[in-house]
Amino acid sequence: MGEKRASLGGRLSAVLVAAGSAVGLGNIWRFPYVAGENGGGAFLAIYIGCILLLGIPVLLAEFTVGRHTHKNAVGAYRSLAKRWSFLGYNSAISSLLILGFYFVVSGWTLEYFTSSVSGAIAEYTSSTINAERFAAFTTDPMRPVIYTIIFALLTHVIIALGVQKGIERSSKMLMPVLFIMLIILAVRAVTMPNGLEGLRFLFTPDFSKVSAKTFLDAMGQAFFSLSIGLGCMITYSSYFSDKTNLQNTAYNVVALDTLVAILAGMVIFPVVFSVGIEPTSGPSLVFVTLPSIFNTMAFGPLWSTIFFLLLVFAALTSTISLHEVLTAYLHEEWHMSRKVAAWIVTIVTTLLACASSLSLGVWSDFKICGLNIFDSLDFVTANILLPLGGFFTSIFAGWVLDREILRDEISDHGRLKGRLFGLLVVLLRYVCPILLLSIFLYNMGLFRL
Ligand code: TRP
């Protein structure tokens with residue numbers, strides 16, 4: 001290989017790039033609908049518990065492995081402990097499977113954005129019409145597939161520009177814009193008639209709605225949203241410089257990611273209650289509820305353009321990170337040029353994404369364990385592969401990895417003195433594995449028919 005590995009610039013870059021990966025459709029599309037299906041407030045409480053107890057330790061573990069080795073996920077585990085390279089392969093496979101449905105939803109955001117710009121969206125004046133339109137669009141054999149391909153190509157272009165020029169620059173530009181747009185929309189949503197009802201739904205826990213599945217969903221959502229469990233953060237942190245403060249970076253990323261999810265909830269639930277839509281309506285929630293409400297607002301198409309542009313940005317910074325996991329792996333482990341590696345990844349993931357888009361329409365009869373391709377990719381990755389990856393990552397960092405490496409990375413080579421290290425070790429060794437495994441087994445028991 002011999003060539004110098006790219007690395008990221010300053011401290012802010014590390015936070016923005018990692019947050020760019022974490023903040024995505026997971027926060028704005030997935031969080032509100034999963035929270036809606038699980039009763040709102042109680043889900044939020046359990047979700048925050050998962051973020052604190054599982055999310056932060058596993059994120060720090062991934063940062064440690066990545067920054068210490070400066071390698072892609074497979075290479076990182078291989079160089080630290082050969083027997084653990086399976087975790088690296090889990091990373092490659094999960095990224096592929098996630099992109100298989102993520103590109104599809106990203107494509108939808110692009111379509112909604114273009115219809116907002118053209119003003120076509122203004123013709124859909126009620127939530128019923130919107131629901132019909134969403135169903136007609138997503139089950140169409142052609143249009144969503146085309147948008148999926150366009151989105152995959154957009155991702156490809158940024159990846160092809162390389163780590164510094166492509167990934168760093170786009171995150172730096174996109175993240176702050178995204179944040180500001182979301183705050184404006186949240187303020188607007190909360191002041192709508194009945195808007196406060198939505199806030200009550202989101203912030204008042206109703207534990208009667210909680211079941212075993214709620215915990216699995218919250219755990220899966222936490223991992224999905226933080227981009228952890230598949231070594232995506234290993235790949236990104238492998239580009240961090242030795243000066244990057246891992247703890248601060250992790251806390252900032254977690255805070256930003258959680259804030260964006262909550263803000264998204266504060267945009268979507270007030271709207272849901274204002275126009276009288278069920279919060280349990282599933283993956284269509286964002287796409288069905290928002291356009292109809294934008295239409296009742298002054299400058300509706302403008303608001304809608306802003307919102308869907310925001311979604312496109314959020315999705316793009318995340319697809320880049322998933323794509324990079326695979327590209328870095330092929331580039332470094334298979335010694336391909338970055339260009340060839342990127343093309344292979346784009347082509348394979350796009351084919352899978354096209355199949356999963358079609359599985360919502362013409363191929364909907366084809367089922368895997370009762371789910372179509374799209375839903376099974378989502379379920380298998382978020383609720384099984386990521387938590388499982390998190391389980392092994394915490395065991396690896398807590399029990400296998402040389403304690404001095406962990407201490408050295410977490411303490412910023414001894415520069416940071418803190419008592420949190422002991423707590424982190426306890427979390428990684430005992431709390432994370434036990435919690436993850438028990439939530440997991442409990443649910444498997446319930447799922448087994
Ligand atoms: N976290 C992103 C989101 O919320 C999605 C994502 C990017 C991801 N990279 C990942 C999920 C790695 C799991 C693992 O939309």
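A polar contact is a pair of N or O atoms within 3.5 Å. The model here is a predicted one.

Two other residues also take part. Ser-227 places a side-chain N or O atom 2.9 Å from a ligand nitrogen. Phe-224 uses its backbone instead: an N or O atom there lies 2.7 Å from a nitrogen atom of the ligand. How much of the ligand does the protein bury? Alone, the ligand exposes 360 Å², and the protein buries 100% of that.

## Around the ligand

In total, 17 residues surround the ligand. Phe-224 and Ser-227 are among the closest, together with Ala-22, Gly-26 and Tyr-102.

## Where two helices cross

Helix α3 spans residues 41–69, and helix α17 spans residues 403–410. Their axes come within 10 Å and cross at roughly 95°. Angles of 65 to 115 degrees count as roughly perpendicular, so α3 and α17 are roughly perpendicular to each other.

Which residues meet here? From α3 come Leu-60, Thr-64, Arg-67 and His-68. From α17 come Ile-405, Leu-406, Glu-409 and Ile-410. The residues of this contact divide into four nonpolar, two polar and two charged.

Key: Residues numbered from 1 in each chain as written. Predicted model: local features only at pLDDT ≥ 70, side-chain atom pairs only at ≥ 80, totals over all residues. Heavy atoms only, no water. Axes fitted to C-alpha atoms, helices over the stretch in contact; angles between N-to-C directions. Helix = DSSP H or I, 4+ residues; strand = E, 2+ residues; numbered from the N terminus. Parallel < 35°, antiparallel > 145°, perpendicular 65-115°, else oblique. Contact = heavy atoms within 4.5 Å. Nonpolar A, V, L, I, M, F, W, Y, C, P; charged D, E, K, R; others polar. Near = heavy atom within 4 Å. Polar contact = N/O pair within 3.5 Å; in protein donor to acceptor, adjacent residues only side chain to side chain. Areas by Shrake-Rupley, 256 points an atom, 1.4 Å probe, with all protein chains shown as cover.
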